[in-house]
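Dear colleague,

I am passing on the structure that I mentioned, placed directly below. My notes on charged side chains and a few individual residues follow, and I would be glad if you could read them with the coordinates open.

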Amino acid sequence: MTRAEDVVRELLRTHGRTYAEEAGIRLKDTPQPLYRLLVLAHLLSARIRGSIAVATARALHEAGLSDPRRMADADWQERVDALGRGGYRRYDERTATQLGDAARLLDDRWGGDLRRLREEAGGDVSALRRLLQEFPGMGPTGADIFLREAQRVWPDVAPYLDRKALQGAGRLDLPEDDPRRLVALAGDADPAVLAAALVRAAVDKEVARESLAGAAR
């Protein structure tokens, strides 16, 4: 086994968990889990700690705001309160508005089903990324987060290692210009799990340090 393979194995051993899993989303290619992932991606795309975004996604679910119809029909203050319970206070008022508007767009244009958005993209990942950015509050970062995680149930998207994941690869002295080589180094690991682990290395120097040290043992 090469040093690079050792590093990837250690990273996956200690941080091989998707953000959807952390948020309690049992991701399937069905409308509600995909919608919950869209909301999580929206929350994670802000300049806020990932742990707060994950906790807020859970709080929205616990408030019953787990599908676009319920999110759209909820009172604005109800959305603000749920965001606050998750700790998402810095952006709560703007995000509450964006979540309502995005839910209405999803319901009106794609019948509340992100699989229809995927069909509209016709298998073109770039088109899919552009369509995701039509949701209020979902810029390029949010679209990348969604696709990193969605590749678990949308295999035609894989391997999807965006700029943030590749930054993590660079921090670990792994090849950062060849996503398929990174996936090969991970063996049988799910590309979505690899992507999430690499992102954790990108946003937390300690994750990278521990993984490098563990691989050297």
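A salt bridge here is a side-chain nitrogen of Lys or Arg within 4 Å of a carboxyl oxygen of Asp or Glu. The model is predicted, so that local features need pLDDT of at least 70 and side-chain atom pairs count only at pLDDT 80 or more, while totals for chains, interfaces and linings use all residues. Residues are numbered from 1 along each chain as its sequence is written, and side-chain values use heavy atoms, with hydrogens and water left out.

Salt bridges

By that criterion, a search of the whole structure finds 16 salt bridges. Glu21, Arg152 and Asp190 are linked in a network of them. Helices are DSSP runs (H or I, at least four residues), numbered from the N terminus. Glu21 is partly exposed, with a relative accessible area of 31%, and Arg152 is partly exposed at 34%; the classes are buried under 20%, exposed over 50% and partly exposed in between, with a 1.4 Å probe and protein chains only.

Glu206 and Arg209 form another salt bridge, with the closest N and O atoms 2.5 Å apart, and both residues lie in helix 14, three residues apart, or about one turn of the helix.

Glu210

Glu210 also lies in helix 14 (residues 205–216), and is partly exposed, with a relative accessible area of 36%. Leaving aside residues up to four places away in sequence, Glu210 touches Glu10 and His15, where contact means heavy atoms within 4.5 Å. The C-alpha atoms of Glu210 and Leu11 are separated by 8.3 Å, although these residues are 199 residues apart along the chain.

With regards

Definitions and conventions. Helix = DSSP H or I, 4+ residues; strand = E, 2+ residues; numbered from the N terminus.
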